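Me: I would like to learn how to read a protein model. Please show me the chain and take me through it.

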Amino acid sequence: METKAKHIPVLLKEVVEAISPIDNGVYVDGTFGAGGYTSAILDTANCTVIAIDRDPNAIRDGQDLVKKYNGRLKLVEGTFGDMVNLVHNLGYEKVDGVMLDIGVSSMQIDQAERGFSFQKDGALDMRMSQSGLSAADVLNTFSEQEIADIIYLYGEERFSRKIAAAVVHDRKEKPFKTTMDFANLLHRIIPHSRDQIDPATRSFQALRIYVNDELGQLKAGLIGAEQLLKAGGRMAVVSFHSLEDRIVKKFITEKTGMNSNPSRYMPVQETITATLKSVSKKPIMPNQDEININPRSRSSRLRVAERI
């Protein structure tokens, strides 16, 4: 059966090559989604994959793959920031590789009721785990300053103060309930840019990142991956915007020992013992063929590091 374009994992060939699965190896897919990376790894070698996802729908829909791979796929509900505990709870101390595909999945975007997309009207939710504080809760209860900070820090939106003021003004008349409620406000406030990016893009990104603590999870996941990897094991991390990529780049740079004395004006620091080596100096990006097939891959960046 042909895979629909929306389910094609980004940079799949490059991720599998970076991980280089071996027979009897154990790998962690921290962002299972529809199981694209997991299936590719399991098809490449007679190995085991521990797949993690915080979305109950992904766990439910992944059960067919669990059966297909006859015990080689261990599917676990949880966050990849907690991967060390999740992996240890399954009886594994170390693993041979870790994959992370950061951000929202195509399936989540395509389900209007999840509230991730401003292109479809649905509840203003955005919770990957389907529990906790929703995007609507943030807009309807947070202070103007808090909303402005979230939109600026996580969306890098220069109109953040203006947006926050409008949100607080408008919610007095009618609380924000749907994606269109918020998108319409953003289209009213923000002028269209020459780069043709929708004015709602940055603010929706910011709310999603905040609601799901995505950057906190990424930092915890990188630490967890470093801790779990055997010597020679690799982590492959796909990110989709500069906030994520900067965190990944900084982490790898620090763990390779390249940051031990970043400035000649700073006091001399203790030498950092390198725990990782960078496999590619520059991020790996999709080629034009992949972008044509899967437009959502356009902004993706893959960074790979190996445990020393």
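Me: What share of the 308 residues in the protein is buried?

Reply: Buried means under 20% relative accessible area, exposed over 50%, and partly exposed in between, with a 1.4 Å probe and protein chains only. Here buried residues make up 50% of the 308. This is a predicted model, where local features need pLDDT of at least 70, side-chain atom pairs count only at pLDDT 80 or more, and totals for chains, interfaces and linings use all residues. Residues are numbered from 1 along each chain as its sequence is written, and side-chain values use heavy atoms, leaving out hydrogens and water.

Me: How many helices and strands does the protein have?

Reply: Helices (H or I, at least four residues) and strands (E, at least two) are DSSP runs, numbered from the N terminus. This protein has 14 helices and seven strands.

Me: In what order do the seven strands form the sheet?

Reply: Two strands pair if DSSP finds at least two bridges between them. The sheet is open and mixed in its pairing, with the order β3-β2-β1-β4-β5-β7-β6. Because β3 (73-77) and β6 (276-278) each have a single partner strand, one side of each is left without a neighbour in the sheet. Strand β2 (residues 48-53) pairs with β3 in the parallel sense over five bridges, and Ile50 stands opposite Lys74 in β3.

Me: Which strands does helix α13 lie across?

Reply: Contact means heavy atoms within 4.5 Å. Axes are lines fitted to C-alpha atoms, for helices over the stretch in contact, and angles run from 0 to 180 degrees between N-to-C directions. Helix α13 (residues 242-255) lies across β5, β6 and β7, at about 20° to β7.
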